[in-house]
Amino acid sequence: MAVNRLFIANRGEIALRIVRAAQGLNAETVVGISDADRGSAAAKLADRALVLGPGPAAKSYLDPRLVVHAAKAAGCDALHPGYGFLSERAILPRLCAEHGIAFVGPEPDMIDALGDKLQARAMAKAAGVPLVPGSEEIASAADARREADRIGYPVLLKASAGGGGRGMVIANNAEEVEAGFHKASAEALAAFNDGRLFMERFVPQARHVEVQLMGDGSGKVVHFGERDCSVQRRYQKLVEEAPCTAMPDRVRKQLHKAAVALASSVQYRNAGTAEFLYDVAREEVYFIEVNARIQVEHPVSEMITGFDLVQEQIRIAGGSPLSATQDKVRVTGHAIECRINAEDVGRGFIPVPGRITGWHVPQGDGIRLDSHMSEGAIIPPFYDSMIGKLIVHGSDRADAVAKLTDALDQFRVEGVPTTIGLHRAIVRHPDFIENRIHTRWLEQVLLADGAPQE
Amino acid sequence: MSGPKTNGAALADIEALIADFQASGMRELHVRAGDVEIYLSTDASAPGLGAQAVAVRVEPIVPASAAPTATPELAAVPTAAPCDLPDNAVIVRAPYLGTFYRAPKPGSPVYVDVGSVVTADTEMCLVEVMKLFTAVRAGLSGTVHAILATDGAMVEADQPLFAVIPG
């Protein structure tokens, strides 16, 4: 049964993106907003906007009961959680199920299982997916030392409940691993109320690659190629591209196969992303985790395959089968996305809320801008600083980099500082042009001597 | 007209409404029926009926609980009006616009209170904007004399947060 009326439990560019996707499927749209987002683009474009609560997210976007009651009250038959906020909180699909609302995403038990990194690793192992050489749960500092000796230094201590780099410590020797155990455990306990840790071999020159997956919930899984998201700052992605051209075909095939095997083995439903580390020196990929949601960087996969992944999500939630078999998914050209944030790069990337007073966007063949901003739009202080995603599609990587460079030069935003200048520096750097980057490249090379000047 | 009966019925309705409200998990409920108006909230500090809705503006952002931009000191705890501050008091200010938190997380003890002895490195509060949390340090040794902003409220860049007496 196709979705008739979709509730969008998110804000910003993704709320707008979901409204547009739903309208393309002739579904009605209701967006739940906070008081601070009354004037937002999604609120204006949706058929209806319901104010969930005041600006602070805890009292609006992060309150699952409020969200589901609003969806129910508006007569919605499906709910899309977007990314961030409640998108990977199992309570949201559980409440949806209680109220007869289809959740656009995986089952709650799957979200819980994948959200626990130790469980996710066990699933991957069972499906024959290569893991970073590492440990099971580590119980003590002595245990940590023993495991590190076995795995080989440097090692990375990670929180089982972790995310966003919290509860993560790199250790180069026995002293550091014991001190690191206590530090990571305390951090994990404070951040996630769960101090459990495990350990992985630390790969110094790693690329972050991930596979976009879509499952029908009965074991059929199609992948939409891989993305390379190696330009990061403090584990936050800034630039994403597809495909990953830094990897031989043999490894790419192995990567796709591993991701599909994992999702298929657990009968994964809806959109998900399997994340891997690519050890460039060893030419090996290792599983990291599965993100059980649509991701910020999904547009690069759409650009190279021609599929609308958000529409596909909504169709699957409405009970439709996958719209394509694997042989129908063809990769054409190369796509790159830049996350544009309202941040002051020169002042430690401080997010800057405010009003957009000038919005001059690049236009042209192969340029896509996913943004909820416009002249006069407000960036409230309560949420994240992303004001848009600039995506380009070229015939190959060099063509995409050239298009992106032009597009960034045309893009002018007034009223708040943005990361556009940083992106201009990234795309002009020889390491980026020649694709010699890794996950710590931005911090160790480009930002090593402070923020680049425009 | 049997006033008492009507009132009794209305009272029963209100009791039923409160029970439904508690069971619903909603945070706030505002109902108007005829000339009866009721506002229910699980938040003891909710503004209640008659209060203005909190409007969100940017430039400058002044929450209902804070004072106008011109006199940010008035956002202070009432007992610590600026005129009460000793001449030697040093003001610790917000690094940027954001939300002022006196404790590391809800329910935890506050970092400092009036009378706390601090050193330059003592963390006094958190200011958060768009998920970026910054610990504000005292920057000097002394004793906290006054807390000049409200926990959980929006503060502006350079808004006074604490008055510290050096020593």
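Helices (H or I, at least four residues) and strands (E, at least two) are DSSP runs, numbered from the N terminus. This is a predicted model, in which local features need pLDDT of at least 70, side-chain atom pairs count only at pLDDT 80 or more, and totals for chains, interfaces and linings use all residues. Residues are numbered from 1 along each chain as its sequence is written, chains are lettered from A in the order in which they are written, and side-chain values use heavy atoms, with hydrogens and water left out.

**Chain B**

Along its sequence, chain B runs α-β-β-β-β-β-β-β-β-β-β, that is, one helix and 10 strands. The table lists its totals; buried means under 20% relative accessible area (1.4 Å probe, protein chains only), contact means heavy atoms within 4.5 Å, and accessible areas come from the Shrake-Rupley method with a 1.4 Å probe.

| Property of chain B | Value |
|---|---|
| Buried residues, of 167 residues | 33% |
| Contacts joining residues at least 24 apart, among those at least 6 apart in sequence | 55% |
| Accessible surface | about 9700 Å² |
| Share of that surface on carbon and sulfur atoms | 57% |

**Helix H8 of chain A**

At the start of H8(A), a side-chain oxygen of Asn173(A) lies within 3.2 Å of the backbone nitrogen of Glu175(A). The helix covers residues 174-192; at 1.5 Å a residue its 19 residues should span 27 Å, which agrees with the 26 Å between its end C-alpha atoms. The expected span is 1.5 Å times one less than the number of residues.

Gly180(A) is the site of a bend of about 25°, the angle between axes fitted to the seven residues ending there and the seven starting there. Gly180(A) is also one of the buried residues of H8(A), together with Ala174(A), Val177(A), Phe181(A), Ala184(A) and Ala188(A). Their cover includes helix H7 (141-151) and strands E6 (155-159), E7 (169-171) and E8 (197-201) of chain A. After H8(A) comes Asn193(A), with a positive phi near 60°.

Notes:
Buried < 20%, exposed > 50% of the residue type's maximum accessible area, 1.4 Å probe, protein only. Polar contact = N/O pair within 3.5 Å; in protein donor to acceptor, adjacent residues only side chain to side chain.
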